[in-house]
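Subject: Handover of a structure and its findings

Dear colleague,

Please find the structure below, followed by an account of what was found in it.

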Amino acid sequence: MRIDIDRLRHDLETLRTIGRAAETGGVSRTSFSPADAEARRWYVERCVEAGLDVEVDGLGNMVVRARDEPSTAKPVWTGSHIDSVPDGGFLDGALGAIAALECLRRLTEEKVPLARPVRAVVFADEEGNYSHLLGSTGIAKGFDRARLEAMTGRDGDRLADRFAELGWDLDAATRTKVEPGEVHAFVELHIEQGPNLEAGGFDIGVVTSIVGLGGGKARFQGRADHAGTTPMAKRADALLGAAEFLTTLPGLAASISDDAVVTCGLIGVEPGGANVVPGTATVTLDFRDPDRDRLRALGEAVERSAREVAGRHGLTVTWELDTPVAPVPLDEGIRETIAAAAERFGYRHTDLPSGAGHDSQNMALIAPTAMIFVPSKDGRSHSPAEDTSWADIERGGNVLLATLIALASD
Ligand code: HGY
Ligand code: MN
Ligand code: MN
Ligand code: MN
């Protein structure tokens, strides 16, 4: 049995237009933005059109089920995210989210006899506009109200305010946890976002593990002063301190491991006048390592460096840390199922780790979980250059469908 690649392509090309920037061709559907809300509405319309029911939890995670599920046995879930990074690609997340819907449509229209339900999932804020993998962290771990109220987005806006604008109840966002055992298995189809499958001539990646994620915002506090009358030696220049701190990051990563990475993707400066010594500089950091202990050591080294540099510049530094997401090994049994499916289709497959974070690493905390990768052209992602051939996408969808049928048949 195969997916309907024309229908999947039509959906992905339509979704691509929601939040698309004309000048770059990139997709900007940051979580809970108007474009994200429009994409959610579009997704729900596709589900209703296919005769499927959609349930939305307090964080905005969407779970899709057939009307007449085959049994009350614990379901197999599959899915990903439809929010994007600013000016990102059209396949990161969207491929897995829409392929999951396509698989549900194929299972429903062919009336495939299954022992347990298959449900499609769209996780909220996977790109961590408010906190790394927000939606799936809410499912795997849950959040209390205080934690949610403290969250701010890339524009400095509060999650609580955004939810109020959307008419969402913040208390409901504290009731999203799914208990271990409630989901029989989880599988996510995703683009590799790296060069390995393309370089090796492979069609399918069977993901072995997912990198651990840490990060958050460091706020360097100095003193705003007149740019003309304040002698250099009398300044507490927050941006100068933050800039010096950023130059320490490559050395910190190298001191932890060859795989450790640290990125500052965003700096906010206040008050932001050309003739004002910056009083405040907020840097947003993302750091990763495949090993849990090394990830913790990396976070500690980054915080220590920020404190030391701030001290030298007469600044204070405070942190708003994301909930760390642990590195996870993926389920051996499901990986074998994926590899067997690829072989049956005659697709070349290989094992490989993921340097990108995924909702799967949260789902792995509550259910046996695995991921299927398809090649990324030139390894590019989080960029308008992100692309994958439709033939590779079709192969990934077919392997996902076969894997879901196998998992839902026992
Ligand atoms: O950042 C990541 O690794 C993922 O794409 N959210
Ligand atoms: Mn993704
Ligand atoms: Mn991403
Ligand atoms: Mn993901």
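Two notes on conventions come before the details. This is a predicted model, in which local features need pLDDT of at least 70, side-chain atom pairs count only at pLDDT 80 or more, and totals for chains, interfaces and linings use all residues. Residues are numbered from 1 along each chain as its sequence is written, chains are lettered from A and ligands numbered from 1 in the order in which they are written, and side-chain values use heavy atoms, with hydrogens and water left out.

The metal sites

Donors here are N, O and S atoms within 2.8 Å of the metal (3.2 Å for Na, K and Ca); water is not among the atoms, so sites may look incomplete. Glu 127 lies in the loop between strand E4 (118-123) and helix H4 (134-140), and His 382 in the loop between strand E15 (369-374) and helix H13 (390-407), so the pair ties together parts 255 residues apart in sequence. Helices (H or I, at least four residues) and strands (E, at least two) are DSSP runs, numbered from the N terminus.

Asp 92 bridges the manganese ion (ligand 2) and the manganese ion (ligand 3), which lie 3.5 Å apart.

Asp 92 counts as buried at 7% relative accessibility, as does His 190 at 1%, whereas His 382 is partly exposed at 41%. Buried means under 20% relative accessible area, exposed over 50%, and partly exposed in between (1.4 Å probe, protein chains only).

Ligand 1

The residues around ligand 1 (a heavy atom within 4 Å) are Asp 92, Glu 126, Glu 127, Gln 193, Arg 288, Ala 356, Gly 357 and His 382. A nitrogen atom of ligand 1 is 3.0 Å from an N or O atom in the side chain of Glu 126, and a nitrogen atom of ligand 1 is 2.8 Å from one in the side chain of Glu 127. An oxygen atom of ligand 1 lies 2.7 Å from a backbone N or O atom of Gly 357.

Yours sincerely

Notes. Polar contact = N/O pair within 3.5 Å; in protein donor to acceptor, adjacent residues only side chain to side chain.
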